[in-house]
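I opened my notebook to look up aromatic rings and strand pairing. The entries follow in the order I made them.

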Amino acid sequence: MIAMSENPHTGSCTCGDCSVSIVLPEPLSSYTPRACDCGFCVPRGVAYLSAPQARISLRSVSGWRRDQQGSRQAFFLSCTLCGELLAVVAELEDGWRGAVNARQLEDRELLREAQPASPKGLDGSGKRARWGSLWGRVEMEAVLDRLEQRG
């Protein structure tokens, strides 16, 4: 079993409504984010960071804007207020998995330079297999959703 550092790497959107935390098995400096070359990610300047053993926590006060692209199997989670993309998630056979937008992390300067990735050439099952091998486990919390359920 890989020993996980309990030091989370955190970040948020510009307005602070949404936050992200990722706990990785290796030091942040050993990771190379993946810059997806699709028409959705390129204009947003996204570079994804994940590891299969990672633990990712996503939190939003106002809720998430959920976009789907390509094969429509994954959700891109953005702030409903400022629009910044914080993560991509998908429900796989073993639960919710995802990757964070490395460019939103406070200590992103510790990462290696992002490298291009081109998952758009994969079919739906190929994408799911790739995500299962690269993405970490995700916990999501939307405070507003929780408050509305109590109301």
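Which residue in β11 is the bridge partner of Arg97? I looked it up and found Arg137. β9 and β11 run antiparallel and are joined by two bridges. I noted that strands pair if DSSP finds at least two bridges between them, and that strands (E, at least two residues) and helices (H or I, at least four) are DSSP runs numbered from the N terminus.

I then checked β5 (residues 55-60), which runs parallel to β11 (residues 136-142) and is joined to β11 by six bridges. Ile56 has Val138 as its bridge partner in β11.

On sources: this is a predicted model, where local features need pLDDT of at least 70, side-chain atom pairs count only at pLDDT 80 or more, and totals for chains, interfaces and linings use all residues. Residues are numbered from 1 along each chain as its sequence is written, and side-chain values use heavy atoms, with hydrogens and water left out.

Next I looked up aromatic pairs and found three (rings of Phe, Tyr and Trp, its six-membered ring, with centres within 6.5 Å; planes under 30 degrees apart are stacked, over 60 edge-to-face, the rest tilted). The planes of Phe40 and Phe76 meet at 50° with centres 4.5 Å apart, so I wrote the pair down as tilted. Phe40 and Phe76 are both buried (under 20% relative accessible area; exposed is over 50%, partly exposed in between, with a 1.4 Å probe and protein chains only).

Phe75 and Trp96 form a tilted pair, 6.3 Å centre to centre. Phe75 lies in strand β7 and Trp96 in strand β9, so the pair ties together parts 21 residues apart in sequence. Phe75 is partly exposed at 27%.
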